[in-house]
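Take a look at the model below. A short tour follows, one region at a time.

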Amino acid sequence: MKKTINLLVLAMAIMFVSTANAQIKFGVKGGLNLTNMSFSQDAFNTSNRTGFFVGPTVKFTLPVIGLGVDAAALFDQRDGKVDETTVKQKSINIPVNLRYNIGLGSLAGIYFAAGPQFGFNVGDDSYDWTDANSYKNTFQMKKSNFSVNLGAGVTLLKHLEIGAAYNIVCGKTGEINVWDASKSAITSTTRSRYNSWQISAAYYF
């Protein structure tokens, strides 16, 4: 019992020292999205499109054990093409990632990161387009979405980070409603997702 108490006290002391020596850095992050639109049906022609994201970021690192957390508030735009209509999703995304850092000397290091992301639509709620029979189909965006980030990158000169991540949307990004020629009934409803590869650069002050 005494040994167990001593181990607990030692663990708490290590955690206290690590927290006291923790590093908190603020910075700016930006990058490119390579978006893959996917649908629950194959009735639409879709393609990969590029977009971008930018915004403030912060990271909290425990240097003794290499663990840390980063978070950001990013303006994010993702483009996609449905038939001949370009759909733009504009949102404020808030990623919160758990990180593991491996130092490669005083000038460089590598990190692995994973965590949830919360998105809130700040762009258009819906898009309409007309087909050969002169009636409108609609693409309705969700007001919010939840996704997961998996990524890795390098740290250079203690200030610059270059990373790559895959953003996986959980659930649907929106719905496409296809109407009949009389506009009296929806003939099909197709769910969509906007998964993206993300290439990023961040500078911490």
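How much space lies in the largest pocket? About 430 Å³. This is a predicted model, in which local features need pLDDT of at least 70 and side-chain atom pairs count only at pLDDT 80 or more, while totals for chains, interfaces and linings use all residues. Residues are numbered from 1 along each chain as its sequence is written, and side-chain values use heavy atoms, with hydrogens and water left out.

A pocket is found on a 1 Å grid over the protein atoms alone, with a 1.4 Å probe: it is an open set of points with protein on both sides within 12 Å along at least five of seven lines, whereas in a cavity the probe fits but cannot get out; lining residues have an atom within 4 Å of a point. Points are joined across faces, edges and corners, and the volume is the space filled by probe spheres set on them.

The largest pocket is lined by 20 residues. Closest to its centre are Gln23, Thr61, Asn101, Thr155 and Lys158. Strands S1 (23-39), S2 (49-61), S5 (85-103) and S6 (108-121) each give two or more residues to the lining. S5 gives the most, with five. By type, the lining holds seven nonpolar, nine polar and four charged residues. Here Ala, Val, Leu, Ile, Met, Phe, Trp, Tyr, Cys and Pro count as nonpolar, Asp, Glu, Lys and Arg as charged, and the others, Gly among them, as polar.

Now step back to the whole chain. It has one helix and twelve strands. These are DSSP runs, numbered from the N terminus: helices are H or I with at least four residues, strands E with at least two. Of the 205 residues, 37% are buried (under 20% relative accessible area; exposed means over 50%, partly exposed in between, with a 1.4 Å probe and protein chains only). The accessible surface comes to about 11,500 Å², and 65% of that belongs to carbon and sulfur atoms. Such areas come from the Shrake-Rupley method with a 1.4 Å probe; for residues, only the protein chains shown count as cover. Among contacts (heavy atoms within 4.5 Å) between residues at least 6 apart in sequence, 62% join residues at least 24 apart.

Next, follow S2 into S3. The two strands run antiparallel, joined by five bridges; strands pair if DSSP finds at least two bridges between them. They form a hairpin with five residues between them. In its turn, Gly66 has a positive phi of about 80°. Phe60 stands opposite Val69 in S3. Strand S3 (residues 67-72) has two faces: Gly68, Asp70 and Ala72 are covered, while Leu67, Val69 and Ala71 are uncovered.

Which strand holds Val28? Val28 is found in S1. This residue is partly exposed, at 43% relative accessible area. Val28 touches Gly55, Thr57, Ala201, Ala202, Tyr203 and Phe205, not counting residues up to four places away in sequence. Val28 and Ala73 are 45 residues apart in sequence, yet 9.8 Å apart in space, C-alpha to C-alpha.

Most residues other than glycine have a negative phi. Leu157, in the loop between S9 (144-156) and S10 (160-170), has a positive phi of about 55°. Leu157 is exposed, with a relative accessible area of 60%. Lys158 is found in the loop between S9 and S10, and its phi is near 65°, also positive. Lys158 is exposed, at 52%.
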